[in-house]
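Work through the following exercises with the structure open beside the text.

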Amino acid sequence: MSTIDSYEEIIIFALICQTLSITETAKEIGKSKAHVSRQVSNLEKRIGTNLLIRSSRQLSLTDAGFALQEEAQNLLNLSRIVRSKALSLSNELCGKFSITIPTSIASSFFPKVLLKLQKTFTGIDFEIITSNAIEKINIKNIDIAIRIGTPLEDNLVVIKLGKYKDILVSSKEYHLNKNLLENCFIVNKFYLRMKREFTIDNRPFSTSECKSIIYVNDTATQLNIIKSGLGVGLVPSFAFNHHSRDLKIVSNNVESEDLGISLVYPYHRNKSDKLVKVSEMLTSEMSAYLLPTNYLLNSSEPKRKNHEEL
């Protein structure tokens, strides 16, 4: 086995020490569970002893695993430092630049932002990764992530872009039942995962009370189904603003906590010019679409506002 093979095995073992899960480790590195298990088995064969105790419920470390844990973790941390420093050395506005964004933003105003980025940074090849999952940007070599809600990862720079509200809408041709719960609700599972609470017309909203429900996994699909006239749904204010030609507000009495949207990237002691300039432009352009809901509902052209770094 080569030194490179051994390096990957130890890095994966270090991640398992943190997660105590083959599944979570596989998600972090973007590999299959079989690949992760194979790398650990190869490392155990290489050193001639078991590092993990495997059971149907959980993983735990053997004495040998505990003995190797600190050095493996040091290697993992060093690999992250090396990657961070390598990124900071590149000051040319060229090469690939990856951005991960939620589907709700990707399907609304972000194409306009991306067009301006592309026109400004002609030498950069942008890679857009749409996902409602919390992508591990330190592990997956993602340059910038746009987050809905409060970012929880460590070692990240967080720039607050703004907030949005949720609006209950239908297509303009939809025949609304006056009893809202008698309508078909198009429900985005994103809100269920976040355990958000809503009141509509001053009463708590619960999907269990709805006569008919269609569940979807992303805002783009939700919007398409609503626009087809199949029912009503709660959508972000910025998405309504983008699709207002096809949608109407069903009720103005929707109450929920506002959700914040932030731009995040891994902490670098010496940030590259590319990261600085792209993040500054992203912040400026995206903040323009995240103004108070009252403004969004009554204007087709966004205004600028300053960003606040947390």
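Rings of Phe, Tyr and Trp, the last taken by its six-membered ring, are paired if their centres lie within 6.5 Å. The model used here is predicted.

**Exercise 1.** Describe the aromatic pair formed by Phe109 and Tyr289, and explain which parts it ties together.

Solution. The count of aromatic pairs comes to five. The pair of Phe109 and Tyr289 is stacked, with 4.7 Å from centre to centre and 5° between the planes. Since Phe109 lies in the loop between α5 (103–106) and α6 (110–120), and Tyr289 in the loop between α10 (273–287) and α11 (293–296), the pair ties together parts that are 180 residues apart in sequence. Buried means under 20% relative accessible area; Phe109, at 1%, is therefore buried, and Tyr289, at 15%, counts as buried too. Both residues belong to one aromatic cluster, formed by Phe109, Tyr164, Phe238 and Tyr289.

**Exercise 2.** Locate His243 and determine whether it is buried or exposed.

Solution. His243 is found in the loop between α9 (237–242) and β13 (247–251). With a relative accessible area of 12%, His243 is buried. Leaving aside neighbours within four places in sequence, His243 is in contact with Ser107, Leu223 and Lys227, and a polar contact of 3.1 Å joins the side chains of His243 and Lys227.

Key: Residues are numbered from 1 along each chain as its sequence is written. This is a predicted model: local features need pLDDT of at least 70, side-chain atom pairs count only at pLDDT 80 or more; totals for chains, interfaces and linings use all residues. Side-chain values use heavy atoms; hydrogens and water are left out. Helices (H or I, at least four residues) and strands (E, at least two) are DSSP runs, numbered from the N terminus. Buried means under 20% relative accessible area, exposed over 50%, partly exposed in between (1.4 Å probe, protein chains only). A polar contact is a pair of N or O atoms within 3.5 Å; within protein, one must be able to donate a hydrogen and the other to accept it, and residues adjacent in sequence count only if both atoms are side-chain atoms. Contact means heavy atoms within 4.5 Å. Rings of Phe, Tyr and Trp (its six-membered ring) pair if their centres lie within 6.5 Å; planes under 30 degrees apart count as stacked, over 60 as edge-to-face and the rest as tilted.
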